[in-house]
Amino acid sequence: MVVDDSAVVRGLTRRWLEVDARIELVRVSSDGAQAIEDAKTCNPDIILLDVEMPKMDGLAALPQLRSVAPRARIIMASSLTSKGASTTIRALSLGAADYIAKPEATSLGSAEAYRRELVEKIIALAPRSRTADALVRQAPDAKFALRPPPQRSAGKPQALVVASSTGGPQALQNFLGPIAKHIDAPILIVQHMPATFTAIFSEKLGQAVGKPCREPVDGDVLGPGSFFLAPGDWHMKIARHGGANVIRLDQTPPVNYCRPAADPMFESAAAVFGARLVAVVLTGMGADGRGGAGHVVKNGGRVVVQDEASSVVWGMPGAVAMAGYAEAVEPLPELSRRTLRMMNGEIA
């Protein structure tokens, strides 16, 4: 179901979706109030909900849509403005599954990247009963082997690196909320987001978990209590410089179609911290983090991932688990507790 006040956007989105045999477009609504009534009868699996609309905007419609269509996963369509980003971050905290940054209506006709991303997100968020997770491409009952934990401790970990994408904003708050204040080592996060969004989300995340979080600048030193979120459109890496561990930001080509990407952060952290590194992969579509997790375990570090049942999309954590790099695959509460024990040196 598509909800947008722009006739141009509605028309283009309808044409894009109707030509894909995997997608059935059940309704197109022009504002939030109409969408609530339409959702009662069309039973949507996915709702593409515009953030900015007259009468009733997406943020106001969101809780009512979740009430009348409780099993629907909602994708917020937002402009790349500070206002749009702030509203979208709020929507994610209220239960929206994902978001997509849409270009201006005047440029939608040539927005092939937007069309491709939209279709990928719809397919990834679709119920498993109707479509397999096309980005993991594993049968629902596919088995994976857990990696044995190290036989002896390398010492208390010196850094925690975390990767997430679709469903990540809420998962990060739930995962880090109980533990961030109790971890002295640096915490470094890659969440797939555009630049306008990451500055706002880092502030909101810090407020939610009770520990200040910000985007780093190139050359920031990793000290006790450091809590950084990679800035949108920049890869965040770790390096040794002048006897200290520092952040390096660059705009080398996207990795796994992403910038920031988890793989460069994981790989560089593994090179610096070796066996004294813990890497966590949370919900997200695609396979970003799998290659980097391989470097983490090769250098003696430890990897844990979110389980399928609690993930919005089990693409990224599933890819790591299927590759045999994870020593634990758990829902967020258990994953959070395990990570804190690992960071405190309580799990050998």
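**Close-up views of a predicted model**

**Figure 1. The residue that follows helix α8.** In this predicted model, G274, which comes just after α8, adopts a positive phi of about 55°. The helix itself, α8 (residues 262-273), is made up of 12 residues and spans 16 Å from its first C-alpha to its last, close to the 16 Å expected at 1.5 Å a residue.

**Figure 2. Helix α8 and the elements that cover it.** Nine of the 12 residues of α8 are buried, so that the helix is mostly covered; these buried residues are A262, D263, P264, M265, F266, S268, A269, A270 and F273. Their cover includes the strands β6 (159-164), β7 (187-191), β9 (235-241), β10 (244-250) and β11 (277-281), together with helix α9 (290-298).

**Figure 3. The nonpolar cores.** The largest nonpolar core holds 56 residues, of which L49, L65, F175, L176, I189, V280 and L282 touch the most other members. When neighbours within four places in sequence are left aside, L176 is in contact with I187, I189, V209 and F227.

**Figure 4. The largest cavity and its lining.** The model contains one cavity of 30 Å³ or more, and the space within the largest cavity is about 30 Å³. The lining of this cavity is formed by V2, V3, D4, V9, T13, L48, A77, K102 and Y114, with at least two residues supplied by each of β1 (2-3) and α1 (7-18). By residue class, the lining comprises six nonpolar, one polar and two charged residues.

Note on methods
Residues are numbered from 1 along each chain as its sequence is written. This is a predicted model: local features need pLDDT of at least 70, side-chain atom pairs count only at pLDDT 80 or more; totals for chains, interfaces and linings use all residues. Side-chain values use heavy atoms; hydrogens and water are left out. On a 1 Å grid over the protein atoms alone, a cavity is a set of points where a 1.4 Å probe fits but cannot get out, and a pocket is an open set with protein on both sides within 12 Å along at least five of seven lines; lining residues have an atom within 4 Å of a point. Grid points are joined across faces, edges and corners, and a volume is the space filled by probe spheres set on the points. Helices (H or I, at least four residues) and strands (E, at least two) are DSSP runs, numbered from the N terminus. Ala, Val, Leu, Ile, Met, Phe, Trp, Tyr, Cys and Pro count as nonpolar, Asp, Glu, Lys and Arg as charged, and the others, Gly among them, as polar. A nonpolar core is a set of buried Ala, Val, Leu, Ile, Met, Phe, Trp, Tyr and Cys residues joined through side-chain atoms within 4.5 Å. Buried means under 20% relative accessible area, exposed over 50%, partly exposed in between (1.4 Å probe, protein chains only). Contact means heavy atoms within 4.5 Å. The expected span of a helix is 1.5 Å times one less than its number of residues.
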